[in-house]
Amino acid sequence: MTDPTSVLPIIDGVEVTDAGPTSFPVVNPATGSTIASETECDAAAVDRIVTSSQRAFEQKSWQTMAAAERGRLLLKLADLVEEKSDELVDIELQDTGKPISQLRAGEIPLTAAIIRFYAGAADKVEGSIKSGVPSEVLMQLYEPYGVVAGILPWNYPFVNAALKVAPGIAAGNAIVLKPAQETPLGTVAFAKLCTEAGIPPGIVNVVLGSGSKTGQALIEHPAVKKISFTGSTSVGQHIQSTATSQMKMVNLECGGKNAMVVFADADLERAAEAALLSAFVNSGQLCVSCSRLLIEKSVASEFEAMLVERAKKITLGDPKNEDTLIGPMITNGQYEIALKYLAESGGEGRQILCGGGKAEVNGACANGFWLQPTIVSGVKPGMQVHDEEIFGPVLSVVQFESEAEAVRIANSVDYGLSGSVWTRDGSKALRVSKALDTGIVWANTMLAGYPQISLSPHKLSGTGVELGMEGLLAYLKRKSIVIGIDDDAPMGWGLG
């Protein structure tokens, strides 16, 4: 694939060239070089694109399409994702700088799996008939919202496009995607695949631009009936506040400061591998990653040594290298934020066990946004590295002495997205999993279960639900119908 010179929004399956006078550079984070120019949609363009989606949703052909047929279109889309995987990997390499091994073995297969899951689920939505009232039939049904806004993060743009489009279409909606300003390439490519798969024009459209301008126009548009957002907590709070005035349904998956709790009786070798994977995959830019490691004091020194030994073997560098495990920070803004946290991570009884600053990468990647995987010990609740989401490759190690203390520390932050528990004691594993105030907990495993199991954020990590069958129902509104079947049943005041 040749480097694109411009990235344009999508309306009715076609790129729009007159969407606005403003554009932004798209930067490859591995090299620091500009690879494209991205058009920013002005308010008029957003209105055109949303109106296109509303028109497509209202088409009789879409309204009368069987759920199984929508599922068939999604299956074709999943096939195309796999058939064009090499091209898609190349796009994501430029857009996000992720290691090619992660894209090939992880993200592209996961994207196809999410789409196939919802393709199969499209005709599995069940209403209900309630009994108990002889003179009436009580029914509860599900209906699509209409036009849904899918606002995507920059850390996993391609996967999140599928995560919003697949259930949205399975439910019968139209959807307007808005990728993060920094990573538009994969979302535009995904929308083009939707058209190629036979999904009707306008059912999947794309707006481009900043959150403050394009994103704001999208969430305020009266034809948008539901908003699904993945990103920072502060932006999620703003979206929720804006949507409240229009009584719009909102799904928010926001930040996390998740804890991995390791007890002394755990398989420490396996737990160490899981801790490094969770903390450092995608350079720590993963909202469900466990960036806090809570380790039982009696094995803390031994476990920290395991972590450091393994961390030294992690390969960081050129994403095109098959041996690379960690790529760059994806945006310069987040790179600078993470650097600030790293500069403040030492002192006050803390010790940097490895990493702690910029990473030196030679060759074409010398000007990329590179940070060393960092492990900080001696961390306690109340410290910034414990309480605040860094969203970078920083693992904070906290010691505990009892199960109750571990639970208290794990739940002490404002977030509640994910968690992990490691112990050979099955009762303890279940007990602590139930005690953690998070939407998902992995016991003796890590980052598994997608797309079958749902994720429901707690606390400042968000609202609503994604993934699983519940994630499909989140794209449907409920309706109750009461049918009277007894003409002799009493009704009214008897005035006849």
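**Figure 1. Length of helix α11 in the predicted model.** The expected span of a helix is 1.5 Å times one less than its number of residues. The model shown here is a predicted one. Helix α11 covers residues 300-311 and therefore has 12 residues, which should span 16 Å at 1.5 Å a residue. The C-alpha atoms at the ends of α11 lie 16 Å apart, in agreement with that expectation.

**Figure 2. Buried residues of helix α11 and the elements that cover them.** Which residues of α11 are buried? They are Ala 300, Phe 303, Glu 304, Met 306, Leu 307, Val 308, Arg 310 and Ala 311. The cover over these buried residues includes one helix, α10 (268-280). Strands also contribute to the cover, including β13 (259-262), β14 (292-296), β15 (351-354), β16 (374-377) and β17 (394-400).

Figure 3. Lys 164 is placed in helix α6, which runs over residues 157-170. Is Lys 164 buried or exposed? Its relative accessibility is 0%, and because buried means under 20% relative accessible area, Lys 164 counts as buried.

Figure 4. Strand β1 pairs with β5 (residues 33-39) in the parallel sense, over 2 bridges. Within that pairing, Ser 6 has Ser 37 of β5 as its bridge partner.

Figure 5. The chain is divided into domain 1, made up of 5-254 + 461-480, and domain 2, made up of 259-443. The centres of domain 1 and domain 2, taken over C-alpha atoms, are separated by 30 Å. Domain 1 gives 24 residues to the contact, and domain 2 gives 28 residues.

Figure 6. An unreviewed UniProt entry lists residues 22-481 as "domain: Aldehyde dehydrogenase". Over residues 22-481, the chain is 40% helix and 21% strand. The end C-alpha atoms of this stretch are 49 Å apart.

Conventions:
Residues are numbered from 1 along each chain as its sequence is written. This is a predicted model: local features need pLDDT of at least 70, side-chain atom pairs count only at pLDDT 80 or more; totals for chains, interfaces and linings use all residues. Side-chain values use heavy atoms; hydrogens and water are left out. Helices (H or I, at least four residues) and strands (E, at least two) are DSSP runs, numbered from the N terminus. Buried means under 20% relative accessible area, exposed over 50%, partly exposed in between (1.4 Å probe, protein chains only). Contact means heavy atoms within 4.5 Å. UniProt positions are given in the numbering used here, feature names are shortened, and annotations may be inferred rather than shown by experiment. Two strands pair if DSSP finds at least two bridges between them. Domain bounds come from an automatic or database domain assignment.
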